[in-house]
Amino acid sequence: MAGQSDPQLSLFSAEEVEFIAEDEMVEIVPNLRMDALNFVCGDFGPFFPQLATQVPLWLAVALKKRGKCTIRPPQWMSVEKLTQVLEAERDSQRVFEQLPFHYVEISRLLFDHARDDIPDVYMVRSLIEDIRDVRFHKVETNLESLNERAFALKINNLSAMEVNIVRPFVGRALQAFYKHDSPDLIPDQDRVSDRRPQVANNATRRHLRR
Amino acid sequence: MASEAGEGSTAGMDDYETLISTTDVELLKRAWRNEKAAPEILRFETSLIQRIRGQIQLMEENIEEFAGSGIDPLTVSLYQMDLDRTQYLFRSYLRIRLQKIEKYMFHISKNPEVQSRLSEQEKGFARRCADDMERHLEESVLSKLPDNYQDIVKQSIISEESDMIPEPQLDSFVVCKSRRFLGPFQLDGSDELLEMKPDELCIIHYKSIRERVQEGDIDLV
């Protein structure tokens, strides 16, 4: 049944984000011969043993579960690449590294179903968890610096899962700023002393990161 | 079986190529995401839904044939998975629209522009919803209130406009991505201009990008 996720928590549930991620293409090496598959969502195959081919992630996981293929982990999921990304993430306060939009979901699905196809899987897993932590911490600190009415916020290189987690908070925070910081509101003279001094933040008015 | 959205005759050259290479399921996914993320109800994709419905039916028939004709069960189960995924998108798209209609039924019945975005069946549903709700409220509550407060959409007869109708919050913030370079355009409610590069995430007032979402330049995430 196509049930609806609770819009109070977030517009998309985690499962729905994973559903979207499952359409990403990955490379598999089948170990069987199969005719072409003419799905509603596209045509794939034909499949020959030992001949690598690109299929959507959901199909790869389904075939892997039945022991019909091995999955080649994507380029970015190697220990070297991930270590580079982690270093870069730690070095910078405001910049997010370029990672595939669905890196969290893809890596999770591959860990759950294709652990034996990933070289150094424990290392890769711990690197990805560290990257997630560093990035999320960065998101939190950058959000703390939101202190005035912004009309638009640009965040580069955030991933789908991170966007989904942060969305309800940012949406409501920006909404509250918009409502309460409106220049139409008459400032209450008696309460002037309550206001924190506004830091002159000219350049960062529209951009979360430069 | 993956038919393409082939009505590209009026679009520019590279738009044409994108149309040719985008499957209906991809379009449905995009429509579903936009519908889920948007605070108001968007225009009904009549031709897309019709095509998808046809494809789903065809696929269902095929799977029945396969199951009977001894094609290996692995293939059948994979086809079934694909069908399930497509059906999920299809049903979820229709349901999210119904949810919005239920939420804003009075707003829709008073607003012909919004009505034009619904399909025929949805219009019927909206009408019945509004009628039923009106009758229910009158019978259970309104007829028992003092005379001046019995209207279903006005707080009291001294209200100038219908002030009890919930309306979609068009100035809520949404996360979006542009599909191509968007030259500087004015943000709603301010003098600032904003430009967007493709694939750049932006959190912005829904009002400012409303038309572009309808035109397909911006996708909500």
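**Ground rules.** I number residues from 1 along each chain as its sequence is written, and letter chains from A and number ligands from 1 in the order in which they are written. In this predicted model, local features need pLDDT of at least 70, side-chain atom pairs count only at pLDDT 80 or more, and totals for chains, interfaces and linings use all residues, while side-chain values use heavy atoms, with hydrogens and water left out.

**Ring pairs.** Rings of Phe, Tyr and Trp (its six-membered ring) pair if their centres lie within 6.5 Å; planes under 30 degrees apart are stacked, over 60 edge-to-face, and the rest tilted.

One of them joins A:Phe39 and A:Trp58, with centres 5.5 Å apart and planes at 35°, a tilted pair. A:Phe39 is in strand S2 (residues 37–39) and A:Trp58 in helix H2 (residues 57–65), both of chain A, so the pair ties together parts 19 residues apart in sequence. Helices (H or I, at least four residues) and strands (E, at least two) are DSSP runs, numbered from the N terminus.

**Across the chains.** I then checked A:Phe39 against B:Tyr79. Their centres lie 5.1 Å apart and their planes at 85°, so this pair is edge-to-face. B:Tyr79 is in helix H4 (residues 73–103) of chain B, so the pair joins two chains.

**Buried or exposed?** Both A:Phe39 and B:Tyr79 are buried (under 20% relative accessible area; exposed is over 50%, partly exposed in between, with a 1.4 Å probe and protein chains only). A:Phe39 has 0%, and A:Trp58 is buried at 4%.

**Cluster.** I noted one aromatic cluster of A:Phe39, A:Phe44, A:Trp58, B:Phe66 and B:Tyr79.
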